[in-house]
Amino acid sequence: MPLSGDLLRLADAVLFPGFTGHTPPDWLRRRLGEGLAGVVLFSRNIADPAQVARLTAALRAENPSVLVGIDEESGEVTRLEVAAGSSRPGAYALGVVDDVALTEALAGDLGAELAAAGVTLDFAPSADVNSNPDNPVIGLRAFGADPALVSRHARAFVRGLQSAGVAACAKHFPGHGDTSVDSHHGVPVVADGIEDALLPFREAIKEGVRAVMTGHLLVPSYDAELPATLSPKVLTGLLREELGFEGMIITDGIEMAAVSGAYGIGGASARAIAAGADAICVGGERADEATAAGIRDAIATAVTQGLLPEERLADAARRVRELASWAASSGSQASRDGSVGLTAARRAIRITRRSTAPVLPLTSAASVVELAPEMNLAIDRNTPWGVGQPLARLLPGTVVTRLAVGDSTGSALERLLGEAAGRPLVIVVRDVHRHAWQEQALRHLLSARPDAVVVEMGLPERSDLGAVHLATYGSARVCGQAAAEVLTGRS
């Protein structure tokens, strides 16, 4: 039976696809004119702020109510600043400083930048409690491991972002922190009680957060069979009824294997709406017209087959419209404070000195070895990071070498040690505790150069490495700059 135009338009009213290019493709313009709810911007859509503003204006020319979403957490997960690296540290650094006024100011600055670019929905903050240090996907994206700390900073971030007229979106409900699997690839299981994990979401809801993003997580204490994104018990029973959230619920990327693996992208989308989600996010990995059309058709077909009540779909579309109305009426001319990010990065640095020798400040050109692990899919692999470049600007002649997992052979490390003879040695790592090859390379280098400085730009499980250990709690551009300042005594 052919699907009615009205039903297809209703299905489009809950869909947020991605697309390729710096301008809207023809298919997207057409669908926006027919009532498509929103879009999600990724790094591939962004050249500079002026181009993003032109892009969002073109989107609104087709549909004035379109919601424009983006994954701009600050820190490692940046889209607007993917080419240069973020001018703001991520959540974990803010949690280390633990100054809620600073967090609110930074989020307000971010919101002002997003609003100026025409973005109305930011998939931030991460309200996850990073209680598992081996978590492969959250880590520095969380404010910390303490539920109360995460709660107060999640609230501050929501306040700051929404003060600029940009809707905040707390994620990844009901909490992705205590997991050891990346939901891009499989289904993480949250085995224990989740009251601690829920606290930041409860607090964000009290703060008036406009959206919540689901996590593709299995929470057996609520639903032993379906991941949260597809679970009526979690989305309707827990989030709507128990926590009292009335805003828009949007899924994490629906193409991720944790939910699409069993049902396909279209099937997972229909089941998510039936479970209580109001909007489908897609396009991180599948950004073509066929995918967006297939989801729309699958949702409409699910209505005709009785899997998805039409009233539920209409209710979802209503919540999306309500968020669009809020965004249209909440525009702000908030002022920017371009220095707040560097201020936060400087305040987050922690220094452990283990040598009585005057290792710092460095006064001559150094050798920098950066050990670069493969990052999770939420972090754009092209995002610049490190200490070497900012240090070279302060100490001309500094030599920087970056090694990936297959590069850190014994002979390569010995060659670098030879080249570093007579120079200060700085070793930069990211989450060294999670990568055996980094630990081995670091041990090799330190055995020959115990006077080396170690800079940890991930989670510092240990601070007793190197003659001096610097923890930046992030690898954003400003974190590297702040570390270079400390290394040269200019902080």
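Start by selecting Gln 51: at 6% relative accessibility, this residue counts as buried, because the cut-off for buried is under 20%. Keep in mind that the model is predicted.

Now colour helix α3, residues 49-62. Gln 51 sits in this helix.

Next, show what surrounds the side chain. Which residues does Gln 51 touch, leaving aside its neighbours within four places in sequence? Select His 22, Asn 45 and Ile 46. Draw a line from the C-alpha of Gln 51 to the C-alpha of His 22: the distance is 7.4 Å. In sequence, these two residues are 29 apart.

Move on to a pair of helices. Two packed helices are described by the angle between their axes and the distance between the axes. Select α5 (residues 100-116) and α6 (residues 147-163). Their angle is about 35°, and the axes lie 7 Å apart. The crossing of α5 past α6 is right-handed.

Show the side chains where they meet. On α5, pick residues including Val 100, Leu 106, Leu 110 and Leu 114. On α6, residues in the contact include Arg 152, His 153, Phe 157 and Leu 161. Glycines take part too, among them Gly 108 in α5 and Gly 160 in α6. The contact is made up of eight nonpolar, five polar and three charged residues.

Last stop: the largest pocket. How big is its volume? About 840 Å³. Select Asn 376, Leu 377, Ala 378, Ile 379 and Asp 380, the lining residues closest to the centre of this pocket. The lining has 44 residues in total. Colour them by type: 17 are nonpolar, 13 polar and 14 charged.

Note on methods:
Residues numbered from 1 in each chain as written. Predicted model: local features only at pLDDT ≥ 70, side-chain atom pairs only at ≥ 80, totals over all residues. Heavy atoms only, no water. Axes fitted to C-alpha atoms, helices over the stretch in contact; angles between N-to-C directions. Helix = DSSP H or I, 4+ residues; strand = E, 2+ residues; numbered from the N terminus. Left-handed = near helix turned anticlockwise from the far one by under 90°. Contact = heavy atoms within 4.5 Å. Nonpolar A, V, L, I, M, F, W, Y, C, P; charged D, E, K, R; others polar. 1 Å grid on protein atoms, 1.4 Å probe; cavity = no way out; pocket = protein on both sides within 12 Å on 5 of 7 lines; lining within 4 Å. Points joined across faces, edges and corners; volume = space filled by probe spheres on them. Buried < 20%, exposed > 50% of the residue type's maximum accessible area, 1.4 Å probe, protein only.
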